[in-house]
Amino acid sequence: MSDTDWAGWQQSWDRQQEWYMPDREERFRVMLDMVEALVGPKPRVLDLACGTGSITDRLLQRFPDAVSTGVDLDPALLAIARGTFEGDERVAFVTADLKDPEWTRELPYDTYDAVLTATALHWLHSGPLTALYGQVAGLVREGGVFMNADHMIDTATPRINAAERAQRHARMDREKAAGVLDWAEWWALAAKDPALAEPTARRFEIYGEHADGDMPSAGWHADTLRAAGFGEARPVWCSPSDTLLLAVK
């Protein structure tokens with residue numbers, strides 16, 4: 001595994017994700033802007049449902065004195081994350097199931113300045129997500145922040161939603177015809193890599209093809225976070241399809 005091109009896998013994952021979200025880097029920029037604005041340039045961060053460590057990568061590029069704990073259950077994406085950050089003492093990774101009531105016991109710290117997540121929690125239904133938000137509220141220090149960048153669908157705007165979806169899928173179809181890898185094709189490549197074949201097989205045993213979670217509105221997320229113990233919560237960035245929601249303890 002020491003010969004595996006982990007940086008190449010990171011870049012490949014980024015390109016695949018950008019097919020779905022061409023403004024992905026913009027949301028990361030705003031996320032880190034708000035981290036700096038509210039908790040400063042040396043944060044202790046929990047990268048929640050971290051995947052390959054995309055948030056951690058951008059966090060440390062911008063804030064070299066930050067520390068990050070990545071937590072996820074996906075063995076393949078965690079293999080890429082661990083390979084990428086091997087030897088970096090600022091970073092630790094924890095394998096844990098966010099639906100397990102005891103998952104926080106595995107973390108190296110009791111509290112964090114910021115808990116950050118992107119394009120992950122839509123895998124959860126509203127009930128488990130509500131429970132998770134309660135746990136997150138217990139991890140964020142007073143004055144600290146939680147941010148979730150994800151699909152947040154407002155069912156009160158069906159015509160807008162349909163138009164946005166049609167335009168987004170038309171763009172994706174054009175880019176797919178030009179050779180962009182989609183989710184399934186990326187995972188098919190991972191399954192053929194000697195370092196990722198076994199963890200990829202295990203991740204499909206855990207998750208199947210894709211989880212069937214909920215995508216409630218930004219208003220639901222804000223209300224649920226306030227009920228969990230955050231003092232303020234609102235969107236700080238949005239695209240036609242996605243929202244970055246910020247909550248302050």
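Helices (H or I, at least four residues) and strands (E, at least two) are taken as DSSP runs and numbered from the N terminus. The structure described here is a predicted model, in which local features need pLDDT of at least 70 and side-chain atom pairs count only at pLDDT 80 or more, whereas totals for chains, interfaces and linings use all residues. Residues are numbered from 1 along each chain as its sequence is written, and side-chain values use heavy atoms, with hydrogens and water left out.

Helix H1 (residues 6-20) packs against helix H4 (residues 75-84) at an angle of about 130°, with the two axes 9 Å apart. Axes are lines fitted to C-alpha atoms, for helices over the stretch in contact, and angles run from 0 to 180 degrees between N-to-C directions. Angles under 35 degrees count as roughly parallel, over 145 as roughly antiparallel, 65 to 115 as roughly perpendicular and the rest as oblique. H1 and H4 are therefore oblique to each other. The crossing of H1 past H4 is left-handed, a term used if the near helix is turned anticlockwise from the far one by less than a right angle (right-handed if clockwise). On the H1 side, the contact (heavy atoms within 4.5 Å) is formed by Trp6, Trp9, Gln10 and Trp13, and on the H4 side by Leu77, Ala79, Ile80, Ala81, Gly83 and Thr84. These residues comprise 7 nonpolar, 3 polar and no charged, where Ala, Val, Leu, Ile, Met, Phe, Trp, Tyr, Cys and Pro count as nonpolar, Asp, Glu, Lys and Arg as charged, and the others, Gly among them, as polar.

H1 also packs with helix H7 (residues 183-192), at an angle of about 165° and with axes 10 Å apart. The pair is therefore roughly antiparallel, and H1 passes H7 in a left-handed crossing. Trp9, Ser12, Trp13, Gln16, Gln17 and Tyr20 of H1 meet Trp183, Trp186, Trp187, Leu189 and Ala190 of H7. This contact contains 8 nonpolar, 3 polar and no charged residues.

Against H6, the angle of H1 is about 140° and the axes lie 9 Å apart, which makes H1 oblique to H6. Here Glu18, Trp19 and Tyr20 of H1 meet Arg168, Arg171, Met172, Glu175 and Lys176 of H6. The contact of H1 with H6 has 3 nonpolar, no polar and 5 charged residues.

Grid points are joined across faces, edges and corners, and a volume is the space filled by probe spheres set on the points. The second largest pocket has a volume of about 180 Å³. Its lining consists of Tyr20, Met21, Pro22, Asp23, Arg27, Glu164, Gln167, Arg168, Arg171, Ser239, Pro240 and Ser241. Helix H6 (residues 158-177) supplies the largest share of this lining, 4 residues. By class, the lining of the second largest pocket holds 4 nonpolar, 3 polar and 5 charged residues.

Note on methods
1 Å grid on protein atoms, 1.4 Å probe; cavity = no way out; pocket = protein on both sides within 12 Å on 5 of 7 lines; lining within 4 Å.
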